[in-house]
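Thanks for asking me to look this one over.

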Amino acid sequence: MLQKRLRVKRRIFIRGRISFLQEIFVLYFGIRDPRTPFHAKLVACSALAYLLSPIDLIPDFIPVAGYLDDLVIVPLLLHAAYALLPLEVKESGRQKARKHRVRLYIALIIVLALLLAMMTSIFLLIKTLFRF
């Protein structure tokens with residue numbers, strides 16, 4: 001009896017939630033939809049601006065806390081923007097995300113590879129300039 005109850009709870013949990021990555025894909029398509037309200041677009045754009053901005057609430061040179069604010073604030077803002085999307089925009093975004101899932105994952109892998117290559121090249125450049 002207990003195992004059956006746990007199985008049902010687990011199934012409901014999986015069906016009721018979507019992953020953060022799927023939420024980002026739905027948000028990407030939702031922001032491009034004309035039915036999306038301005039305040040949802042504003043929250044999503046502010047999250048992106050905060051991520052790219054050199055100005056932080058806690059400076060990055062402070063150990064642990066400097067990067068921790070980026071890891072907390074940006075996902076919270078993105079989740080808030082997702083929550084502000086209307087239901088019909090979320091549903092159409094989910095359908096588009098399912099349709100373009102492979103392309104989105106390939107684009108994500110390419111962006112991550114480019115970031116890694118950029119960080120490696122900066123590291124090697126600094127290493128050759130200062131002769132470590």
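Is L51 buried, partly exposed or exposed, and what is its relative accessibility?

1. A word on the model and its overall make-up. This is a predicted model, so please read every value below as computed from it. The protein chain contains 6 helices and 0 strands, and along the sequence its pattern reads α-α-α-α-α-α. Of the 132 residues in the protein chain, 21% are buried. If you take the contacts between residues at least 6 apart in sequence, 65% of them join residues at least 24 apart.

2. Helices α3 and α4. Helix α3 covers residues 38-52 and helix α4 covers residues 65-84; their axes come within 8 Å and cross at roughly 165 degrees. An angle over 145 degrees counts as roughly antiparallel, and α3 and α4 are therefore roughly antiparallel to each other. Their crossing is left-handed.

3. Who makes that contact? On the α3 side you will find H39, A40, V43, A44, S46, A47, Y50 and L51. On the α4 side the residues are D69, D70, I73, V74, L77, L78, A80, A81 and L84. Sorted by class, the contact of α3 with α4 has 13 nonpolar, 2 polar and 2 charged residues.

4. Back to L51. This residue sits in helix α3 and is among those that α3 brings to its contact with α4. With a relative accessibility of 46%, L51 counts as partly exposed, because that class runs between the 20% limit for buried and the 50% limit for exposed.

5. D69 is part of helix α4, and its relative accessible area of 7% makes it buried. Setting aside neighbours within four places in sequence, D69 contacts Y50, D56, L57, I58, D60 and V74. Which backbone atom lies 3.3 Å from a polar atom of the D69 side chain? The backbone nitrogen of I58 does. D69 and I58 are 11 residues apart in sequence, with 6.7 Å from C-alpha to C-alpha.

6. The loop between α3 and α4. V64 lies in this loop, and at 66% relative accessibility V64 counts as exposed. Its backbone deserves a look: V64 has a positive phi of about 65 degrees although it is not a glycine. As background, most residues other than glycine have a negative phi.

7. Helices α2 and α5. Helix α2 (residues 20-31) and helix α5 (residues 87-99) have axes that come within 8 Å and cross at roughly 115 degrees. The two helices are therefore roughly perpendicular to each other, and α2 passes α5 in a right-handed crossing. From α2 the contact uses F25, V26, F29 and G30, while α5 supplies V89, K90, G93, R94, K96 and A97. The residues of this contact of α2 with α5 divide into 5 nonpolar, 2 polar and 3 charged.

8. Helices α2 and α6. How far apart are the axes of α2 and α6? The answer is 12 Å, and α2 packs with helix α6 (residues 101-130) at an angle of about 105 degrees. That makes α2 roughly perpendicular to α6. L21, F25 and F29 in α2 meet L104, Y105 and L108 in α6. By class, the contact of α2 with α6 has 6 nonpolar, no polar and no charged residues. Do look at F25 and F29 in particular: they take part in the contact of α2 with α5 and also in the contact of α2 with α6.

9. E23, another residue of α2. Helix α2 also holds E23, which is buried, with a relative accessible area of 7%. Leaving out its neighbours within four places in sequence, E23 is in contact with I18, L78, H79 and Y82. One of these, L78, is also listed among the α4 residues that contact α3.

How values were computed:
Residues numbered from 1 in each chain as written. Predicted model: local features only at pLDDT ≥ 70, side-chain atom pairs only at ≥ 80, totals over all residues. Heavy atoms only, no water. Axes fitted to C-alpha atoms, helices over the stretch in contact; angles between N-to-C directions. Helix = DSSP H or I, 4+ residues; strand = E, 2+ residues; numbered from the N terminus. Parallel < 35°, antiparallel > 145°, perpendicular 65-115°, else oblique. Left-handed = near helix turned anticlockwise from the far one by under 90°. Contact = heavy atoms within 4.5 Å. Nonpolar A, V, L, I, M, F, W, Y, C, P; charged D, E, K, R; others polar. Buried < 20%, exposed > 50% of the residue type's maximum accessible area, 1.4 Å probe, protein only. Polar contact = N/O pair within 3.5 Å; in protein donor to acceptor, adjacent residues only side chain to side chain.
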